[in-house]
Amino acid sequence: MARGSEAKTAVTEYFAAKGVMPTNGATDVFNVGGAGKVRTVRWEKIDKLRGRIEIDVVTTAASNGITELDAATNTLAFRGVKTPSGVVQWTCGGTVDTTVPGKYLPGSCK
C-alpha cells in the first residue's frame with residue numbers, strides 16, 4: 001500500500017527533524033485523504049517515541065476480486081517505535097490493529 005509507505009516516510013522524516021513523534025491527527029505531516037482502495041490514513045501518537053498509522057481499506061464492487069474487504073471494518077496498521085540507535089522502526093500492527101485479511105497484506109506485513 002503506497003499510502004502507508006508515504007505516511008511512514010513522512011513520520012520518520014518528521015521524527016528525524018524534531019526528535020518526537022507528530023501530534024495526533026498529523027494532517028500537516030502527510031496526506032490523510034483517500035486514494036484508490038484507501039479511504040483514509042490516520043496517525044495516533046502514543047507518546048513522544050511511539051505512534052501508529054491506520055489505513056482504512058475499501059472496495060467498491062465485487063468485480064474487483066477483493067470482496068472480502070469491508071469498508072467499515074478493515075484497517076491496516078503500522079506501529080512506529082524509536083530504536084536505541086535513534087531511528088523509527090515500523091512493524092505491522094498485528095491482529096488487534098490490523099483486520100485486513102492476510103492474503104491482501106503488503107509483503108512487509110507477512
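**View 1. Strands S3 and S4 are joined by five bridges.** Strand S3 covers residues 75-82 and runs antiparallel to S4. Strands here are DSSP runs of E with at least two residues, and helices are DSSP runs of H or I with at least four, both numbered from the N terminus. Two strands count as paired if DSSP finds at least two bridges between them. Lys 82 has Val 88, in S4, as its bridge partner. The model is predicted: local features need pLDDT of at least 70 and side-chain atom pairs pLDDT 80 or more, while totals for chains, interfaces and linings use all residues. Residues are numbered from 1 along each chain as its sequence is written, and side-chain values use heavy atoms, leaving out hydrogens and water.

**View 2. Four strands form an open sheet.** The strand order is S1-S2-S3-S4, with antiparallel pairing. At the edges are S1 (38-47) and S4 (88-92), each pairing on one side only. In general, strands of a sheet pair through backbone hydrogen bonds.

**View 3. Helix H1 lies across the strands S1, S2, S3 and S4.** Helix H1 spans residues 2-18 and runs at about 155° to S4. Such angles, from 0 to 180 degrees, are taken between N-to-C directions of lines fitted to C-alpha atoms, for helices over the stretch in contact. Contact means heavy atoms within 4.5 Å.

**View 4. Arg 79 sits in strand S3.** The residues that Arg 79 touches include Gly 51, Trp 90 and Asp 97, not counting residues up to four places away in sequence. The C-alpha atoms of Arg 79 and Trp 90 are 5.5 Å apart, although the two residues are 11 apart in sequence.
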